[in-house]
Amino acid sequence: MTRLRVVIVDDHALVRASLAKLLCSYSEFEVVGTAADGHGAIALAEKLKPDVLLLDVAMPGLDGLNAIPLIRAACPATHVLLISMHDEPEYLQEAVDRGAQGLVSKASSPEDLTCAIMSAARGEVMKPSIPLSKREREVLSLIGAGKTNEQIATILSISQKTVEHHRQQLMDRLDIHTEAGLIVHARRTIVAAS
Amino acid sequence: MKPIRVVLADDHTLVRRGLSALLTADGSISVVGEAEDGRELAKKARALQPDVALVDISMPLLNGLDAMLKIRRVSPQTRVIILSMFSDDAYIAAAWEHGAAGYVLKDEAPEQLIEAIHTVVSGGMYFPVEHPPVVTRNLLTPREREVLQLIAEGKRNSEIASVMMRSLHTVRSHRARLMMKLRVHSAAELVQAAEKLGVVRFSPPEG
């Protein structure tokens, strides 16, 4: 059996080394290279043409999201799988829209990661478990920016009542029960997507 | 020589499992326990009395710094190394003040982490700077910081009461006192204050 050739890109050396060590313990994978940012990812994709490139989201220089299309252009055969510190379902859509196969939280189990790498290598695309509308994502990001319902209504040119409705919908769909919970979720999401 | 007994706490399972494999491969270190939040860590430290606790600074339920206070009570001889993505002076200072023996940045190499473990076990300190700046974080009591973190994680009062094993009444009065001490009036402001105080952290490290 040929091993899947994997490249790991993360700005933290300890995280890179840990993920590499973890994957090395599985006979299905071979870690062929590592890089510390998006620019390094593009260069390695071009040079090594890996089957799967694991790409951290938050990195200085060129971050994961912005690097995806460039990596795909540099080596169309390489499938990109994002790895993130947070597990935000609505953020997966963003990654997929930009050409990644999916997103795995760093809090997932090693088995989740290995399954995701194998699916990514087959070209499969992950589906968001909780799809949010574009409008809901807008409201969420404004909540995270600390805007009040009134301000959000003005910015989006919708009624305050509609904003309240979106807010309630978001809490229901994301299974969040407190005001603080929604704000935290929104802030994490903005940070991840910015 | 007996291997150094280490307990490892990080909520990111992938990183934790990988780190554990890295450390174990070194031969001089034995990872005797793992935890994915600060509360589980305190329990493991009490049960295992490790030589070293390797503690991620931001973890759910109880962050690394506040978990360290508990470890010092339940396993005083355990040397704590904070693992962190943040090189901000304020975080390093806070770790120092809380009694950490080391502070290792996640962008250091595995060899440096292993060196840090050996250094603290032989009584030394391992910090990224020689003299951490002093920052006072004593505005809130440890209990109040615990409540603040759980609020900022979106927990209801009833959930906070059950995590902390306290009555609902106690949680409500902690919450009221937090609002008063921090001079804030809304959940949004509490969350912001929690982030400012380093009780929770949402943003990635500065580029």
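Start with the largest nonpolar core. It has 95 residues, and L54(A), L81(A), V55(B) and I81(B) touch the most other members. By nonpolar core I mean buried Ala, Val, Leu, Ile, Met, Phe, Trp, Tyr and Cys residues joined through C-beta atoms within 7 Å. Buried means 20 or more other C-beta atoms within 10 Å of the residue's own, with C-beta atoms placed from the backbone. Helix α1 (residues 13–24) of chain A gives the most to this core: seven residues. Helices here are DSSP runs of H or I, at least four residues, numbered from the N terminus.

A word on the model. It is predicted; local features need pLDDT of at least 70, side-chain atom pairs count only at pLDDT 80 or more, and totals for chains, interfaces and linings use all residues. Residues are numbered from 1 along each chain as its sequence is written, with chains lettered from A and ligands numbered from 1 in the order written.

Back to V163(A). It sits in the contact between α6(A) and α8(A). Those helices, residues 134–144 and 160–174, pack at about 95°, axes 10 Å apart. Axes are lines fitted to C-alpha atoms over the stretch in contact, and angles run from 0 to 180 degrees between N-to-C directions. So the two are roughly perpendicular, the term for 65 to 115 degrees.

Last, domains. Chain A is assigned domain 1 (4–121) and domain 2 (134–193), with bounds from an automatic or database assignment. Their C-alpha centres lie 29 Å apart.

Terms used:
Parallel < 35°, antiparallel > 145°, perpendicular 65-115°, else oblique. Contact = placed C-beta atoms within 7 Å. Buried ≥ 20, exposed ≤ 12 C-beta atoms within 10 Å, placed from the backbone.
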